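Colleague: I am new to reading structures. Please pick one part of this one and take me through it closely, defining terms as you go.

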Amino acid sequence: KAGVIRMSTDGISTIKSSQISVANSESKLFKVSMDLYAVNMSHEDNICIDYQTSTTQGEKCWKAMHDFPLSQWETKTFEFGAEDAESLRLRLRVDASSESGDILISRVNIEGWSA
């Protein structure tokens with residue numbers, strides 16, 4: 001696939017967004033989705049998205065071989081609420097205990113809407 005990013009368990013593989021302004025938006029709910037392909041990960045390994053707005057923060061993690069298969073493209077999606085948010089930041093990271101974990105990311109999509 002074109003435009004693929006490879007992340008590994010080297011302790012520094014993270015993807016961070018710059019601050020995304022949502023101040024003039026009426027969005028109170030956000031949905032983040034990504035396409036991933038786990039090349040080599042163990043049962044203990046996770047792929048996580050950390051999120052931070054001006055009013056809330058949190059994380060969503062998926063466990064390899066439990067929440068997504070190996071050697072197959074998979075789309076993972078989650079939603080979170082952020083009342084009165086003015087900005088949004090995301091960080092995608094591999095949280096792995098094995099040294100051989102690799103994951104490919106081909107797309108990250110962010111949507112916002114009001115309830």
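Modeller: Here is a walk from a sheet to the side chains around it.

First, the ground rules. This is a predicted model, where local features need pLDDT of at least 70 and side-chain atom pairs count only at pLDDT 80 or more, while totals for chains, interfaces and linings use all residues. Residues are numbered from 1 along each chain as its sequence is written, and side-chain values use heavy atoms, with hydrogens and water left out.

Strands here are DSSP runs of E, at least two residues long, numbered from the N terminus. Two of them pair if DSSP finds at least two bridges between them.

Now zoom in on strand 4. M34 has V108 of strand 9 as its bridge partner.

M34 also turns up in the core. A nonpolar core is a set of buried Ala, Val, Leu, Ile, Met, Phe, Trp, Tyr and Cys residues joined through side-chain atoms within 4.5 Å. The largest one has 24 residues, and M34, I47, I49, F68, F80 and I103 have the most contacts inside it. Strand 4 gives the largest share, 5 residues. Strands 4, 5, 7, 8 (87-95) and 9 each give two or more residues. Take I47. Beyond its neighbours within four places in sequence, I47 is in contact (heavy atoms within 4.5 Å) with residues including M34, L36, C61, W62 and I103.

Next, the aromatic rings. A pair of rings is described by the distance of the centres and the angle of the planes. Rings of Phe, Tyr and Trp (its six-membered ring) pair with centres within 6.5 Å; planes under 30 degrees apart are stacked, over 60 edge-to-face, and the rest tilted. The count is 6 pairs. One is Y37 with W73: centres 5.3 Å apart and planes at 50°, so the pair is tilted. Y37 sits in strand 4 and W73 in strand 7, 36 residues apart. Y37 is partly exposed at 22% relative accessible area. W73, at 32%, is partly exposed as well. The cut-offs are under 20% for buried, over 50% for exposed and in between for partly exposed (1.4 Å probe, protein chains only).

Another pair is W62 with F78. Their centres lie 6.0 Å apart and their planes meet at 65°, so this one is edge-to-face. W62 is in strand 6 and F78 in strand 7, 16 residues apart. W62 is buried at 5%, and F78 is buried at 9%. Both belong to a cluster that ring pairs build from F30, Y51, W62, F78 and F80.

Finally, the disulfide, meaning two cysteine sulfur atoms within 2.5 Å. The structure holds 1. C48 and C61 form it, S to S 2.1 Å. The torsion about the S-S bond is about 110°, so the disulfide is right-handed. C48 lies in strand 5 (residues 46-53) and C61 in strand 6 (residues 57-63), 13 residues apart. C48 is buried at 0%, whereas C61 is partly exposed at 25%.

Notes: Helices (H or I, at least four residues) and strands (E, at least two) are DSSP runs, numbered from the N terminus.
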